[in-house]
Amino acid sequence: YGSIGALLFGIVAACYLTLRPSSDINTITWLPRSLDPIIRWADDHGRLRNVPAYALLAMPVMVLCRTRKSRAIAIIFLAVFGAILEGLQTFIPTRFCEWQDVALSWVGLLITWGLAEGLYWSAGRLWPHRHGRKRRI
């Protein structure tokens, strides 16, 4: 249930952060002060923050999906989700829909997907019996 909760939290957070009138995270007054260095970095780096944000969003999905095909479908879903959220910013007077933001969110998703596929491949090589295959010598 932890991965599902993390995914739901990530989707809600993505909607909230993307569809707010301001893109500056420092305008969210209820965040703990301990996050100030992270908030400062995110606000200073503008659209680059989409890379780690979407990379984190994809992590619980990669844990929940057990097959390569399901992970690919999930990444496509998250990519479309990110593009739709970015497109919805067109309707917020103080925000803009920019293809660079969409591309950077896709970069974050692809990084996590690539890492997950590498980890699953490595695990299959190290512990083949866990994935229904016998070890070849």
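**Close-up views of a predicted model**

The structure, a predicted model, holds two aromatic pairs.

**View 1. The Y16 and W30 rings form a tilted pair.** Y16 belongs to helix α1 (residues 2-18) and W30 to the loop between α1 and α2, so the pair links parts 14 residues apart in sequence. Y16 is partly exposed, at 38% relative accessible area, whereas W30 is exposed, at 59%.

**View 2. The F77 and F81 rings form a stacked pair.** The ring centres lie 6.4 Å apart and the planes are at 15 degrees. Both residues are in helix α4, four residues apart, which is about one turn of the helix. Residues three or four places apart in an α-helix point the same way, because a turn takes 3.6 residues. F77 is exposed, with a relative accessible area of 51%, but F81 is buried, at 15%.

**View 3. R71 lies over the face of Y120.** The distance to the ring centre is 3.9 Å.

**View 4. R49 is a buried residue in the loop between α2 (36-44) and α3.** Its relative accessibility is 16%, under the 20% cut-off, so R49 counts as buried. The side chains of R49 and D43 are joined by a polar contact of 3.1 Å. Beyond its neighbours within four places in sequence, R49 is in contact with residues including S23, I25 and W41.

**View 5. Helix α5 spans residues 99-126.** Its 28 residues reach 40 Å from first C-alpha to last, close to the 40 Å expected. Among its buried residues are D101, L104, G108, T112 and E117. The cover over the buried residues of α5 includes α3 (50-64) and α4 (68-88).

Terms used: Residues numbered from 1 in each chain as written. Predicted model: local features only at pLDDT ≥ 70, side-chain atom pairs only at ≥ 80, totals over all residues. Heavy atoms only, no water. Helix = DSSP H or I, 4+ residues; strand = E, 2+ residues; numbered from the N terminus. Expected span 1.5 Å × (residues − 1). Buried < 20%, exposed > 50% of the residue type's maximum accessible area, 1.4 Å probe, protein only. Contact = heavy atoms within 4.5 Å. Polar contact = N/O pair within 3.5 Å; in protein donor to acceptor, adjacent residues only side chain to side chain. Phe/Tyr/Trp six-rings, centres within 6.5 Å; stacked < 30°, edge-to-face > 60°. Lys NZ or Arg CZ within 6 Å of the ring centre and 35° of its normal.
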